[in-house]
Amino acid sequence: MTIEQTQVPHEVPATTPAKIVGLISDTHVPIRARAIPKRVFAIFENADFIVHAGDLVELAVIDELEQLAPVLAVHGNMDGPEVSGALPKLNSLRVSDWKIGVMHDPNTLFGMGRMREIVKQNGFNVFVYGHTHNPSIKWEGKTLYINPGSATNPSSFLNRSSVALLKITRDAITPEIIHV
């Protein structure tokens with residue numbers, strides 16, 4: 001009689017996400033900040049895509065971020081004619097089978113109603129927004145609502161500057177807020 005011995009590894013091998021999407025908003029360069037913080041570039045260095053949720057102030061912000069990965073952006077309420085003329089109010093991209101929508105200000109002051117409407121009309125699995133400078137991750141069923149906060153200008157002295165990452169596989173999306 002032979003006894004088979006099976007070795008179980010002590011560590012489970014790490015699985016690499018299919019895609020990484022960097023989320024950034026409310027950079028306000030050069031009005032409220034001179035530049036995007038260097039730490040943002042380190043956080044986004046492995047990103048496959050970057051989504052900017054508006055209030056760039058200058059289109060040069062997109063040029064800088066595109067040194068790392070392709071950028072999808074929308075205009076915000078503080079963006080002048082050059083930026084708002086070049087960028088849409090609502091935009092989206094598809095990563096694997098997930099549809100990610102982005103808008104700067106979907107009337108968050110009035111609750112989730114408008115956001116739910118936009119998500120439903122467009123079939124978004126993820127909805128990225130900005131404007132509040134306040135980072136937030138909220139799941140409603142299988143829909144993710146995420147605000148990366150402001151990379152340069154937090155909403156109050158109690159908050160810190162932040163961005164977010166989405167780690168996306170065919171089966172799941174894992175969101176993470178990262179303080180800059």
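Tutor: A definition is needed at the outset: helices are DSSP runs of H or I of at least four residues, numbered from the N terminus. The model before us is predicted.

Student: Where do the buried residues of α4 fall when seen down its axis?

Tutor: The buried residues of α4 are Met115, Ile118 and Val119. An α-helix has 3.6 residues a turn, so residues three or four places apart point the same way. Down the axis of α4, its buried residues fall within an arc of 100°, so they line one face of the helix.

Student: Which exposed residues does the face turned away carry, and what covers the buried residues of α4?

Tutor: The cover of the buried residues includes the strands β4 (90-95), β5 (98-103), β6 (126-129) and β8 (143-147). The face of α4 turned away from its buried side carries the exposed residues Lys120 and Gln121.

Student: Is Thr152 buried or exposed?

Tutor: Thr152 is placed in the loop between β8 and β9 (162-168). Its relative accessible area is 15%, and the cut-off for burial is under 20%. Thr152 is therefore buried.

Student: Which backbone oxygen does the side chain of Thr152 reach at 2.7 Å?

Tutor: Beyond four places in sequence, the contacts of Thr152 include Ala33, Ala35, Pro37 and Ser161. A polar atom of its side chain lies 3.4 Å from the backbone oxygen of Asp26. At 2.7 Å, the side chain reaches the backbone oxygen of Thr27.

Technical notes
Residues numbered from 1 in each chain as written. Predicted model: local features only at pLDDT ≥ 70, side-chain atom pairs only at ≥ 80, totals over all residues. Heavy atoms only, no water. Buried < 20%, exposed > 50% of the residue type's maximum accessible area, 1.4 Å probe, protein only. Helix = DSSP H or I, 4+ residues; strand = E, 2+ residues; numbered from the N terminus. Arc of directions from axis to C-beta. Contact = heavy atoms within 4.5 Å. Polar contact = N/O pair within 3.5 Å; in protein donor to acceptor, adjacent residues only side chain to side chain.
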